[in-house]
Amino acid sequence: MSTTASDPLAALGSLPGVPDAVDSVRKAVDRVYGHRVMRRRSNEVTAEAALRGSRGSAALAGADWNLEEVRRRTDFSGEDEARMVGAALRLTAEAGQLLSIWRQSPLRVLARLHLVAAGGATPDDAVGRPRLAGEPVDEPLIEAALPEAEEVAGRLEGLSRLIIAGGSAPALVTAAVVHGELLALRPFGSHNGLVARTAERIVLIGSGLDPKSICPAEVGHAEQGRAAYVAAFEGYTAGTPEGMAAWITHCGRSVELGVRESTAVCEALQRGAA
């Protein structure tokens with residue numbers, strides 16, 4: 001993958017198909033932010049986007065509940081699926097509180113996200129820290145080769161440096177790389193997919209692309225389906241220009257589908273139906 005020393009993500013923005021995806025996402029986001037409902041009721045749209053995004057992320061992790069069940073349920077202890085949905089809800093609620101820390105110390109944020117996701121379901125000494133050599137990983141859906149703990153530590157440091165340095169890469173590109181890298185590394189013993197999708201959300205919010213968090217990419221990832229998600233992720237792990245472009249455009253399409261979901265929420269609020 002061709003990069004520049006000062007801005008390693010910048011070259012990804014010019015891969016075939018990626019500029020069009022970036023432009024399409026920007027236009028879609030601008031349209032929903034321009035909806036008249038957003039002038040008066042943006043907090044309601046944000047809350048609904050959080051709920052729907054949490055449901056989508058949990059669905060990809062194997063807890064595919066319908067939205068009304070997620071909305072109705074108050075107890076997320078007990079069976080595995082309930083705990084997974086509860087973890088997704090907690091992570092979405094936490095994401096907006098971590099933006100300032102993310103820009104200074106992404107690794108602290110990732111540790112916090114894992115702590116929130118685990119919620120006592122993981123042995124205490126394994127919560128909130130990257131896995132050690134020989135420690136197992138419980139991660140539904142993703143079956144790619146698991147990097148060794150030493151490689152994980154080095155790549156996390158590299159990802160952290162990129163985030164702190166910033167750069168000229170579009171928000172979509174940065175969000176897709178953060179998401180893909182965390183899925184590839186699976187740095188924690190559990191909940192890596194949920195953490196990766198939450199980190200993608202944090203990048204989209206913190207970049208200014210989606211400052212009110214109303215464009216839940218998790219909805220789009222779930223809507224496109226687990227098979228499409230895995231196939232696109234395999235492009236990321238292949239590391240070829242074509243594979244990277246496929247992953248970034250898949251993430252872009254997911255944001256657009258999240259926009260479509262929130263546009264429908266705006267329309268329902270306008271009609272008084274939500």
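This is a predicted model: local features need pLDDT of at least 70, side-chain atom pairs count only at pLDDT 80 or more; totals for chains, interfaces and linings use all residues.
Residues are numbered from 1 along each chain as its sequence is written, and side-chain values use heavy atoms, with hydrogens and water left out. A search of the whole structure finds 18 salt bridges, and the structure also holds four aromatic pairs.

**Salt bridges within a helix**

- Glu 44 and Arg 41 are three residues apart in helix α2 (residues 38–60), which places about one helical turn between them; helices (H or I, at least four residues) and strands (E, at least two) are DSSP runs, numbered from the N terminus.
- Glu 44 is partly exposed, with a relative accessible area of 37%, and Arg 41 also counts as partly exposed, at 23%; buried means under 20% relative accessible area, exposed over 50%, and partly exposed in between, computed with a 1.4 Å probe and protein chains only.
- Glu 151 forms a salt bridge with Arg 155, in which the closest N and O atoms are 2.7 Å apart, and both residues lie in helix α7 (residues 149–165), four residues apart, or about one turn of the helix.
- The relative accessible area of Glu 151 is 38%, which makes this residue partly exposed, and Arg 155 is likewise partly exposed at 27% relative accessibility.

- Glu 181 is buried, having a relative accessible area of 10%.
- A network of salt bridges links Glu 48, Arg 52, Glu 68, Arg 71 and Glu 261.

**Aromatic pairs**

- Rings of Phe, Tyr and Trp (its six-membered ring) pair if their centres lie within 6.5 Å, and planes under 30 degrees apart count as stacked, over 60 as edge-to-face and the rest as tilted.
- Among the four aromatic pairs is that of Phe 233 and Trp 247, an edge-to-face arrangement with 6.1 Å centre to centre and 70° between the planes.
- The pair connects distant parts of the chain, with Phe 233 in helix α11 (residues 226–238) and Trp 247 in helix α12 (residues 241–271), 14 residues apart.
- Phe 233 is buried, with a relative accessible area of 2%, and Trp 247 is buried as well, with a value of 0%.
- Ring pairs join Tyr 229, Phe 233, Tyr 236 and Trp 247 into a cluster.

**Loop residues with positive phi**

- His 191, a residue other than glycine, has a positive phi near 60°, and is found in the loop between α8 and α9 (192–206).
- His 191 counts as buried, at 14% relative accessibility.
- Ser 213, also a residue other than glycine, has a positive phi near 55°, and its place is in the loop between α9 and α10 (217–224).
- Ser 213 counts as buried, at 10% relative accessibility.

Definitions and conventions. A salt bridge is a side-chain nitrogen of Lys or Arg within 4 Å of a carboxyl oxygen of Asp or Glu.
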